[in-house]
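Trainee: I should like to learn how to read a model of this kind. Please take me through its features in turn.

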Amino acid sequence: MLVNQFLVLGAVLFSIGVYGVLARRNGVLVLMSIELILNAVNINLVALGALQGASGAVTGQVFALFVITIAAAEVGVGLAIVLLIYRNRASVDLDEVDLMKG
Amino acid sequence: MLENAWVIPTLTFVSFWLILFFGKRLPGHGAEIGIGALGLAFVLSCVAVVQWVDRPATEVVPHGTSEEVHGEEEEEHGAAGGQRGEDRQVVATAVETGGHGEETPIRSAVERNVTWFTIGDVEVTAGTAVDGLTVVMLFTVTLISLLVHVFSTNYMHGDVRFTYFFAALSLFTTGMLLLVVSSSTLQALFGWELMGLCSFMLIGHWWEKAENSNAAMKAFLTTRTGDVGLLVGIVTLFFAAGQTFDIALINERALTGAIGHTALVVGAVGLFIGVIGKSAQFPLHTWLPDAMAGPTPVSALIHAATMVVAGVYLVARLYGVFWEAFDIGAGGVNPIAVVGGITVLIAAALAFVQDDIKKVLAYSTVSQLGYMVMALGVGAWTAGIFHLFTHAFFKGLLFLGAGSVSHAVHSFDMKADMGGLRKYMPTTFVTFLIGSVALAGLFPLAGFWSKDEILVGAAENGYPVFELVGIVGAFLTAAYMTRCVYLTFFGEYRGHAHPHESPRPITIPLMVLAVFSVGAGLLNAPGVEKFFEITENRVFLLAGVEHHSFEVFPAVVSTVVVLAAIAFAYLLFFERRLPRGLTRRNALARSGYTLLTNKYYLDHLYTGVIVGSVKGAIARAAYWFNQKVIDGVVNAVGIAARRSGDWTYRHIDQAVVDGAVNGAGFGAEGFGGILRTIQTGRVQQYAALLFGAATVLALGLIIFV
Amino acid sequence: METLFRSPSVDFHAFAPEIVLVLVLVVLLFVDLVFEERGRWATSTVAGIGLLASLVPVLTLAVAGGDRSLFDGAYVVDDFALVLKGLFLVAGYVTVLISTDYVAEGDYYEGEYYFLLLSSLLGMTVMASARDLISIFVALELLSIPAYLLAGWRKRDLRGNEASLKYYLLGVFASAVMLYGMSLVFGVTGSTVLSEIGDALAGGSSTVPVVTVGIVFVVVGFGFKVSAVPFHTWAPDTYQGAPTPITAFLSVASKAAGFVALLQLVFIAFLGQDDVWAPLFWVLAALTMTVGNLIALRQTNIVRLLAYSSVAQAGFMLAPLAVAASIPAERGGIANATEAVVTYLIIYAAMNLGAFAVVMAVARKTRSGEIGSYGGLFDYAPGLAVLMAVFLFALAGIPPLGGWYAKFVVFKSLLDAGTGAAVALAVVAAVNSVIALFYYASVARQMFMDPVPDGDTTRVQVPAALTASLALCAVATVAFGFFPNLAARLGDVALFGALP
Amino acid sequence: MESLDDSALSLAVFVPLVVAAAMLLVPRENETAHKLMALGATLATFAVGMLILARFDYGASDQLQFRVDAPWIDVINSRYLLGVDGISLPLLVLSMFVCVLVVVYSWNHFPEPHNPKAFLILILVLETGMNGTFVAQDLILFFVFFEVVLLPMYFMIGVWGGEQRQYAAIKFFLFTLFGSALMILSFLALYFSGGQTFSIQELVAVAADNIPRSTQLIIFGGLFMGFAIKVPMFPFHTWLPDAHTQAPTQGSVILAAILLKLGTYGFIRIAIPILPEAAMAWAPVIGGLAVVGIIYGALGCLAQSDMKRLIAFSSVAHMGFVMLGIATLTDFGINAAVFGMVAHGLITGMLFFVAGSVKDRFHTLELSRLGGLLLQAPRMGWILGFCAMASLGLPGLAGFWGEFPAILAAYSPAEGLSEALFRTYMVIAALGTVLAAGYLLWMLQRAAFGTPKPEFAEAPIADMHWPEYVAWVPMLVLILVLGIFPGLLFGLTDGAVGNALSSFGAGG
């Protein structure tokens, strides 16, 4: 099995996602970066599940499905929030959202 | 009365409360309660004296013990144990069986104790122990106090705090009486401190003026400093004597060698420090002249019968301890005698340069207390006590006389406001003169006998130096009293008031005291020796203290010295001859030549002492030393305490200790402020922190676990 | 394939609380749709009654006793689950009470508010029973997503938006990290059921780095939820911007849910890996209580202060986890730590909700969250001032108010372990409890010792529902203090069932 | 009577609390009702105290009497365990007594901002805490009561205090809390190493044998911190002058009379009997800090210009004597300590009362501005003098029995302690008595003697009025009576002290 390659792919995706979350200033791009992390998770789940034999493979895939579903819901909520920000501020630059600190 | 001696202090104690609460509403403003109580106490004391004299001498104590006899007993007594009655019995039997030499029956002390409180297996008792010394003291104290009370009714008449004054007098007397009848050191401490309190109250009676309250504080604090020693002494003896405060037991065990020598010395030194403070011995004597700020009757009470003699009494009472600790029987030199001797001389010298009549008397008291202490220090126990007894009368007389004078002239300044008063106040003059002569120690007045005994004691017990000190002291005493009498009663009146003889409440006490000043000494005159017989007690015998009867030779010497002193003072002050030139001095030297053998020595003495006293070199130097150095040290200690308090508070307490606390608080807040900067408000920095921390934690755990 | 996809037999009694909640959710939607504006007041009543109703099956399950395991152990109803469900539901009920007037007087829709609130609660009750990575994940998202929305419920308020955004972004990021960790754990163990993971990891005395990373990432996900330092940064901002009742809810129920998940994961799944999580929790606990307290010292806004205070409190609750493994097994190390955390949660819920209730009551008059606005509260609203003092000093752990026992059980479990590290943590906790007092007392100082800032001393009108919530919290707080047994018993029984 | 015996202690503890709760329901405006209720509560409690005094078996003062044993927190095996013996009884009664007097004194002495309702409720809550601490025989119960006093005192200082009240209040609170946090850790350590029980009696029986010496030392350290801060011992004393100075009179009185005793009581009741070995090891340190405290407190007093602050600092010195007595670990020393606690409670309480009344009249306690109190209010002035004398340890007044036996005991500490060291302590402590005399007399001189300063020369200064008489006279009488008949108290404490010291070799 090419598990290691999948894991590396997952790790790379994860890292890119994390980088995006931390570095992008645009709210929407941050949301997309989070999706990248979740996809890294999905790859891991499926790949590692497959490593565990039949029962493990199913479990991994089911888990991945749950993640995909919930991620969708999550992104929906997230977009709503970002939209709200945009509506009130006419910007989605996250650096500007710092009314509260300290 | 001997069993119920507690009644006497109780009387005055009750009187104190009665005066305090009801005094103001009574016609006499409380004085009648005080006088009544004291009168009753005096009567009871007389009863006690009579009973004591009638008491058959039954107890047998070997005269003079030797340690070998009791060597085997030591361990037994060294062990802790509270049952003193039994112990006493053991000792007594041991003494009887092992005793040798002549056996003199004496009157056994009457003890009565009740349990005061119990801690662990130590039962602390309170009670009375009455023996000859006690009854003598009871008699003296109640008599003097009664007279002072009577005197005060007139003297203090119209005072703002008349009632309160009488209450304090009652309490004061209570303190002394309590001390006198105490059977334990702890209880004695009560009386001791009670007097300290009352002296504070009475010296500071006119506390509106700062110097009066300062004097009161000084008196209290100085004696309290001495009390540190007393505390240490009592504590040390408590443990050394096998956990007991009982005075008789402590004496017994000290004398039988049951107490280790080190502990004994520590205890004795401690107690003696207390005595130095209380009895105004060198170098803690400076409070006493300041204490003249109080009303004169108080001075009389303090100086004659209470407070200052408490220290002397304590030494006499715990004589066994001092005897063993300082090896008084061996002669030579010991701390008690030295302190007493120094005090005799320096105080007498100081009395020369005082212009305030009360201060002369105050230094005189210090000096006389020095005599008493010295007497005890040289082993002349009876003499010391006898001097205490006689001194009480003539010193009381002198103070009351001074009070009478000041009552007439509204001043205490002999130089400015007195002079020639013998014409205006004959009774006061005569009685004051009697007191002075008694103090100077001329035959046959009281002071003569007691002083002579001290000299004899010093000589016979191997303390020749102190005999000399005594003689020099006698000379000085006579001289300054002559000066005092001269300045007050002779010459021309220099004041502006209209002097008059004092009324009866003042003169009657003077007369009574004058009678005692004349007669008290005869109690121990050759052939009578009643005083010795009365006061003889167990310790006295156990220790082997010698009683020294009257002897002619020292009596003659001291009489001559006293007369000489009076003569010099007479020449000096009355005739004002001496200062005028060498011829007169030479004439005097010539007249002295007929009396004494060594011309050069005498000449030298004269030149030194007299010129010194005239020009004030020695006396003034001593006074300067006294005021600036000794008193300065005393005051400086006080100031230093304040300063160091200030310093400690400001630099240690507030800066370091409290500063650390507050600093920790500020530090926490400051740290919180720094940490706050993490919270930038930027969500991505939050995320970075989150992920960064996760990574660090994971890496850390991988590496270190 | 039948072995994999057999039709599960469902124990409906075990599910009853959740079913009731779902029904209530449906009714809420219905009420919101049918009654339009005029009847919207009914939504809070329905929500409240619904929550009480869903408590009933919790009680019947408790009376019935016994552990129930469903879906191959993915969903377990044991005493632990029941106690926590009870806690969530009661806390939810109090939140509804607090919210009633706040929401009714606000400008936003009521129906969705309660709907979201109850959805989140549903997630929490599920969490209490979730013993499988997937169900934990689902429960977590179910309780989180409505909470993101609730935080931004005041749509036109910029702070509300910001609160929501920060909470959401960090929340999602944290769950993503957590999921990555879960995927690694799953990869190593091949199972998502906690007990099976536990069996698989138990043998591994040599820790695989992958497992370490997995555990750390999972813990990070829930560390975020319980606002453990350094994953706490969202909490103050979100708390401040969110509607106050929601802040109360987040600081109590949501935090409790995070702890529930942590307890389950750590004590069931990662039990054998204590050399990873014990030091991890030690660091987190010490950091959390210290940093939370220190920053709290500098706060001027009451809600932010309470936010940092809740961070610090979380540090105390984390402490027993750090030492659970050091407590000898015969004294029940796991049970001991669980008991400590659960007891703490119960008492903490009462006092923290109470504090927020007072904040709301006061804000009705002052319209401010500044601590300075509490000046002289005692003069014109002595009751509120006293209650606030009760809650704050309870949070500080001053006997005889409830908080002392919460702190006490933490100390107890720390000293039960007795190792050097445990004692050191106990000392850190002790020092922190002193620091904490300072800021709690500073609020009390404002209320009792300072003058009214604007001189306005009109009385505060406290509506009935808020009064009821105050009374409930106050009675509970004081009762827990005098009779700690009340909370202690619950903590004591809240043990994981004997697992299949 | 049997049932009354069973509930006597519970009544003594909770009557004030129940009445306080009832007072919450009475409107603030009805001040008379509040006063009467508070007075009733304290009197009722005091009556219970009298009953306990009457029915106490003095022959068995070393045994716990009026025991109550009921379940409380089963989970941690902590029980509602009450009882009094010869050590607790005097302190319990003192606490009840002082509370009555404080309420009486309050009658017309409510400090700003007035509000008798809140003020009296706090006093009652304080009473519950104090009484509870003295009768609790379970460590957790003890801890709770020990802490109960914090809040009311915090508010009392913070709301009704002087200008620096907020600082003083929080300082008091933080300090004490710090101590008690470490204390509770030590309690728990005792629990786990001493057989899983919080009962003091059981721990006394088992702990010494079960806990290794090194652990004992650490646990004792924690207890020491908790109690020493409360006492307070140097160098943890800095909260005390601030708290005392800023507190309202009633607060100062309660603080001085009772609260400080909780710490010393803790040593005698808990730390020493349970951990004798550690106590032995710590004793030189405690004794050393105690004598440092004696001198240091005295020096602090000498630096003060404010009467109240001076009295406050004197507490540091006086509690130093108490701690010295405790450190000797002998029956003399600890009896002295208990006596000292009671005496200090009465005397310093009285001094604070007087200071409060002076402040009422002159609106200042700056010694440089005072003077001639004896002229303007002679009775009060003499009472001040009386208390100063009592405070400096004059024989015949209660203060003496706290100092002298402690000094005595230091001469011969328990077997195993260095005699040379403790004798040095003894001498230092004895010197401290001189300093005590110094600062107290200095204060007396400044405040009472002399003539009034011009600013007050014409001021209408009233002498004492009836609440002051009623509140003070009993204390003054007790100071005197205990001073003359110390056996009244020693007889009570001796057995119990012997019991507490049973694990030591015969000392002294």
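Mentor: Residues are numbered from 1 along each chain as its sequence is written, and chains are lettered from A and ligands numbered from 1 in the order in which they are written.

Trainee: What is the mean pLDDT of chain B?

Mentor: pLDDT is the predictor's confidence in each residue, from 0 to 100. For chain B the mean is 77, with 85% of the residues at 70 or more. Over residues 589-608 of chain B, however, the pLDDT is below 50, and over residues 610-615 of chain B it stays under 50 as well. Where pLDDT is low, the predicted coordinates should not be read in detail.

Trainee: Which two chains have the most contacts between them?

Mentor: Two residues are in contact if their C-beta atoms, placed from the backbone, lie within 7 Å. Among the five pairs of chains that touch, chains B and D have the most contacts. Here 41 residues of chain D meet 40 residues of chain B. Helix 18 of chain D gives the most to its side, with 11 residues; helices are DSSP runs (H or I, at least four residues), numbered from the N terminus. Chains A and D, by contrast, share no contact, and their closest C-alpha atoms lie 25 Å apart.

Trainee: How many residues has helix 3 of chain C, and where is its kink centred?

Mentor: The expected span of a helix is 1.5 Å times one less than its number of residues. Helix 3 of chain C (residues 79-105) has 27 residues and reaches 39 Å from first to last C-alpha, close to the 39 Å expected. A bend is the angle between axes fitted to the seven residues ending at a residue and the seven starting there; helix 3 of chain C has a kink of about 40° centred on C:Ser99.

Trainee: Is C:Thr247 buried or exposed?

Mentor: A residue is buried if 20 or more other C-beta atoms lie within 10 Å of its own, exposed if 12 or fewer, and partly exposed in between, with C-beta atoms placed from the backbone. C:Thr247 has 27 C-beta neighbours inside 10 Å, so it counts as buried. C:Thr247 lies in helix 10 (residues 244-269) of chain C. Beyond four places in sequence, C:Thr247 touches C:Tyr239, C:Ala242, C:Val303 and C:Phe356.

Note on methods:
Predicted model: local features only at pLDDT ≥ 70, side-chain atom pairs only at ≥ 80, totals over all residues. Helix = DSSP H or I, 4+ residues; strand = E, 2+ residues; numbered from the N terminus.
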